[in-house]
Amino acid sequence: MLHRGHEGTDGSDGELTVPMAWLYAEYIADELLRTGDLMPPTSFEFRAGRDALALTIFLSDTDGELSGIRVVTQLETWLSLTAYDQPWQEWVGERLAELAADAAASGRAAPDLDLAEEAWRWLQETELLAPDLNAVPGGAPVAGEDEGPKVWTPAWQLGLPLGHLAIHLF
């Protein structure tokens, strides 16, 4: 979506490109997570799930047009992309690189891509304290989930299964 206005401070003609594809992907991800009611929407874990799911939705849209009508038909695709045994992290890197190359070749601004890359950076660089699912309980039983062993985990590794579970619960 373009907005025409006054000449920009950088000498451009004032066109403002609104990142509708990314915003729509983020909206869909947010709605899926809220419907699943897996955690408070104000938590970092929720943000990790929303960003991982939004990346999946945005990057799987190869036609460049997310359609509200097609959301239900895309659920199976998103489930397969977010499945535990899939190389999601590599797929995200490859798709972002492809979109960046396309944007560079066209010479146009890519605000959707900029937001997707920012979300990916946050997911990679942010670590969240999460239960250590690989820990073997030794000796005494753990009374509650908050008392068990924890480990610092990249946000995408926590957000991806949350997004996957949210799709299942939808």
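Helix axes, as used in these legends, are lines fitted to C-alpha atoms over the stretch in contact, and angles run from 0 to 180 degrees between N-to-C directions. The structure shown is a predicted model, in which local features need pLDDT of at least 70 and side-chain atom pairs count only at pLDDT 80 or more, while totals for chains, interfaces and linings use all residues. Residues are numbered from 1 along each chain as its sequence is written, and side-chain values use heavy atoms, with hydrogens and water left out.

**View A. Overview of the chain.**
The chain contains 6 helices and 4 strands (DSSP runs numbered from the N terminus: H or I of at least four residues for helices, E of at least two for strands). Along the sequence, these elements follow the pattern β-β-α-α-α-α-α-β-β-α. Of the 170 residues in the chain, 38% are buried (buried means under 20% relative accessible area, exposed over 50%, and partly exposed in between, with a 1.4 Å probe and protein chains only). The structure also holds 6 salt bridges, each being a side-chain nitrogen of Lys or Arg within 4 Å of a carboxyl oxygen of Asp or Glu.

**View B. Packing of helices α1 and α2.**
Helix α1 spans residues 20–36, and helix α2 spans residues 44–60. The two helices pack with their axes 8 Å apart, at an angle of about 130°. This angle makes α1 oblique to α2 (under 35 degrees counts as roughly parallel, over 145 as roughly antiparallel, 65 to 115 as roughly perpendicular, and the rest as oblique). The crossing of α1 and α2 is right-handed, a term for a near helix turned clockwise from the far one by less than a right angle, anticlockwise being left-handed.

**View C. Packing of helices α2 and α3.**
Helix α3 covers residues 71–82. The axes of α2 and α3 cross at roughly 120° and come within 10 Å. With that angle, α2 is oblique to α3. The crossing in which α2 passes α3 is right-handed.

R50 and E26 form a salt bridge whose closest N and O atoms are 3.8 Å apart. Because R50 belongs to helix α2 and E26 to helix α1, the pair ties together parts that are 24 residues apart in sequence. E26 is partly exposed, at 22% relative accessibility. R50 is also bridged to D51, at 3.5 Å from N to O. A further salt bridge joins the side chains of R47 and D51 (3.4 Å, N to O). R47 and D51 are 4 residues apart in helix α2, so about one helical turn separates them. R47 has a relative accessible area of 29% and is therefore partly exposed, whereas D51 is buried, at 3% relative accessibility. Through shared partners, salt bridges join E26, R47, R50 and D51 into one network.

**View E. The loop between α1 and α2.**
D37 lies in the loop between α1 and α2. Although D37 is not a glycine, its phi is positive, at about 50°. With a relative accessible area of 65%, D37 is exposed.

**View F. A nonpolar surface patch that includes M20.**
M20, L23 and L115 make a nonpolar surface patch of about 240 Å². Patches consist of residues with over 30% relative accessible area and no salt bridge, like charges being joined within 9 Å and nonpolar side chains (Val, Leu, Ile, Met, Phe, Trp, Tyr) within 5 Å. Areas come from the Shrake-Rupley method with a 1.4 Å probe; for residues, only the protein chains shown count as cover. M20 is placed in helix α1 and is partly exposed, at 41% relative accessibility.

**View G. Pairs of residues separated along the chain.**
A83 is situated in the loop between α3 and α4 (88–106). A83 is buried, its relative accessible area being 16%. A83 and P161 are 78 residues apart in sequence, and 7.6 Å separates them in space, C-alpha to C-alpha. In helix α3 lies E76, which is exposed, with a relative accessible area of 59%. Between the C-alpha atoms of E76 and I167 the separation is 8.7 Å, and these residues are 91 residues apart along the chain.
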